Amino acid sequence: MFQLIELFAVLAGATYGVLLARRHRMDFVGVFSVAFIIAFAGGTLRDLFLDRHPLFWIKHDEYAVIVFVLALVTSILPQIPSAVERWLFVPDALGMSLFSVVGAGFAIEAGTSMFIASLLGVVAGTFGGVIGDIVCNQIPSLFRPATPLYATCSFSGCWVFLLLRKFGVEELIAVIAGLSVSVVFRFAAIHWNLCLPAAREEAQNDE
Amino acid sequence: MFQLIELFAVLAGATYGVLLARRHRMDFVGVFSVAFIIAFAGGTLRDLFLDRHPLFWIKHDEYAVIVFVLALVTSILPQIPSAVERWLFVPDALGMSLFSVVGAGFAIEAGTSMFIASLLGVVAGTFGGVIGDIVCNQIPSLFRPATPLYATCSFSGCWVFLLLRKFGVEELIAVIAGLSVSVVFRFAAIHWNLCLPAAREEAQNDE
Amino acid sequence: MFQLIELFAVLAGATYGVLLARRHRMDFVGVFSVAFIIAFAGGTLRDLFLDRHPLFWIKHDEYAVIVFVLALVTSILPQIPSAVERWLFVPDALGMSLFSVVGAGFAIEAGTSMFIASLLGVVAGTFGGVIGDIVCNQIPSLFRPATPLYATCSFSGCWVFLLLRKFGVEELIAVIAGLSVSVVFRFAAIHWNLCLPAAREEAQNDE
């Protein structure tokens, strides 16, 4: 099951990457690289931090082929239909939630504490996008105030999964519950524009 | 002893991260993430480069809890007293020096040459801040000319520690000496605004 | 032989790093750091991804000394002769090609598929420059459209090497063929300004 989930997460991340790269008018190499980074960076950090080898995209080498084909096909398309971009938040939310719960699951299996497992889930779920934004030279949206909740949804989903698992709920059900909470929370955050308040520090000495 | 030193280093890094994030008006997630990155990135690179597992913040899972609480408390505070910001260079210098000497010590124990150990000390001591700056989308202050010496202090402290250790001085004394040199050098650099000269290359073709 | 190749690649990367840092008017620490990052980052990612320890620059500790001396000498020079900068593309193309083919070779020896090996070759060959650009706070030239082919040359060289190797050609010959294709392709790309077309997406909603 985790296999299928991971594949969906990779696809969602890569699609998001392709669109981000096209918005920056990159060529095919840029599109593929950004798609690859967004789809794989979070899980790679998870694997490196937990010393899991071979890395998931080295082990499942079909993932990279899929991202390659996706980038190639979308590069040939003259234009991405704007509807795709409008609905992009759906695969993005799915990908983030899937990587988060799977990441937390791998971490707790490796023997970390629950808090560390939830953090690794958030890293796995959100750092693909963070590194993608850094590569495109913009402050990662994760760190910008007044953007709808994102890491918070990932964090909540991880905790729902971890707590259910701890109280003996079957793994599959715990995964589905964590996933659902994260995805629904994210959709709600987008729909009602839920934000955390920004730090109220005076910023006079801001550069 | 290294335990206590590392805890101080983490606290100093996290405090600096919180203030940096607030200056960029980030929300709680941003504040926590930047604090986490600045406190843990240097040591994580050290552990990954030396193949030390589990990573120090996975092993000592209380560190992440402490950073979380620190970010939470400071997010609730309406304003950080400006005195804190004025004295921030003290924990920052301590954190940098502590991570540097501990990093060099771990490296030399892992069997690297002294030069490599001093470089890993500098990476451990300074790359939290470098990655923090990258995440906030500014050129890392480490690489900007006309800023007071920073990596140079870390490098000097590492060498004092490594040379004393090589000549048979007791480890504790070597650590304290290396630390003191690094911290005092950094304070002196700030006080007298000691800088390295910038490269004198003509920059007409600078973009 | 791989030893000598790697040394050349490190030298080429470090030289490029020194010039990039001087263009940004960095001081000695900045120059050394950027030279170090550009020379070692690609190979470090390769080693971490393939779980090769100790990392190549920890094992061959003379590399770091060489980069240090190079950065020191060039920092003392009042000015880099502009001829050096004009011919810089030669060591850059060599370094990129060398790291690419060596990286692909290490990957295929570690048992990855050919496609993954070619990607790891591209990462090893080009990510030093990508991370160097990120550190200098500019969009990596790898991802900018309308720049001459770069990653594509690396990718082609890796495939020539991998295919020849697969069909039983002697390793040395496969390496030389891969290298030559990559270097010549790169020179041709610069000379005739060969680019991939940028994505034709409308960018009205670009920020």
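Is Asp47(B) buried or exposed? Asp47(B) is buried, its relative accessible area being 1%, where buried stands for under 20% relative accessible area, exposed for over 50%, and partly exposed for what lies in between, taken with a 1.4 Å probe on the protein chains only.

Before I go on, a word on the basis of all this: the model is a predicted one, in which local features need pLDDT of at least 70 and side-chain atom pairs count only at pLDDT 80 or more, while totals for chains, interfaces and linings use all residues. Residues are numbered from 1 along each chain as its sequence is written, chains are lettered from A and ligands numbered from 1 in the order in which they are written, and side-chain values use heavy atoms, with hydrogens and water left out.

Let me stay with Asp47(B) and its partners. The side chain of Asp47(B) meets that of Arg46(B) in a salt bridge, at 3.1 Å from N to O, and by salt bridge I mean a side-chain nitrogen of Lys or Arg within 4 Å of a carboxyl oxygen of Asp or Glu. Arg46(B) is itself buried, with a relative accessible area of 0%. Asp47(B) also has a salt bridge with Arg52(B), at 3.3 Å from N to O, and Arg52(B) is partly exposed, at 29%.

In chain A, Asp47(A) is joined to Arg46(A) by a salt bridge whose closest N and O atoms are 3.1 Å apart; Asp47(A) counts as buried at 1% relative accessibility, and Arg46(A) is buried at 0%. These two residues belong to a network of salt bridges that links Glu6(A), Arg46(A), Asp47(A) and Arg52(A). Over all chains, a search of the whole structure finds 12 salt bridges.

Gly103(B) is buried, with a relative accessible area of 0%, and, leaving aside neighbours within four places in sequence, Gly103(B) is in contact with Arg46(B), Gly121(B) and Ala124(B), contact being heavy atoms within 4.5 Å.

Thr152(B), in helix 8 (residues 151–166) of chain B, counts as partly exposed at 21% relative accessibility, and beyond four places in sequence is in contact with Phe185(B), Leu196(B) and Val29(C).

What lines the second largest cavity? Leu48, Asp51 and His53 of chain A line this cavity, together with Leu48(B), Asp51(B), His53(B), Leu48(C), Asp51(C) and His53(C). A cavity here is a set of points, on a 1 Å grid over the protein atoms alone, where a 1.4 Å probe fits but cannot get out, and lining residues have an atom within 4 Å of a point. The volume is about 50 Å³, that is, the space filled by probe spheres set on the points, which are joined across faces, edges and corners. The lining divides into 3 nonpolar, 3 polar and 3 charged residues, with Ala, Val, Leu, Ile, Met, Phe, Trp, Tyr, Cys and Pro counted as nonpolar, Asp, Glu, Lys and Arg as charged, and the others, Gly among them, as polar.

Note on methods: On a 1 Å grid over the protein atoms alone, a cavity is a set of points where a 1.4 Å probe fits but cannot get out, and a pocket is an open set with protein on both sides within 12 Å along at least five of seven lines; lining residues have an atom within 4 Å of a point. Helices (H or I, at least four residues) and strands (E, at least two) are DSSP runs, numbered from the N terminus.
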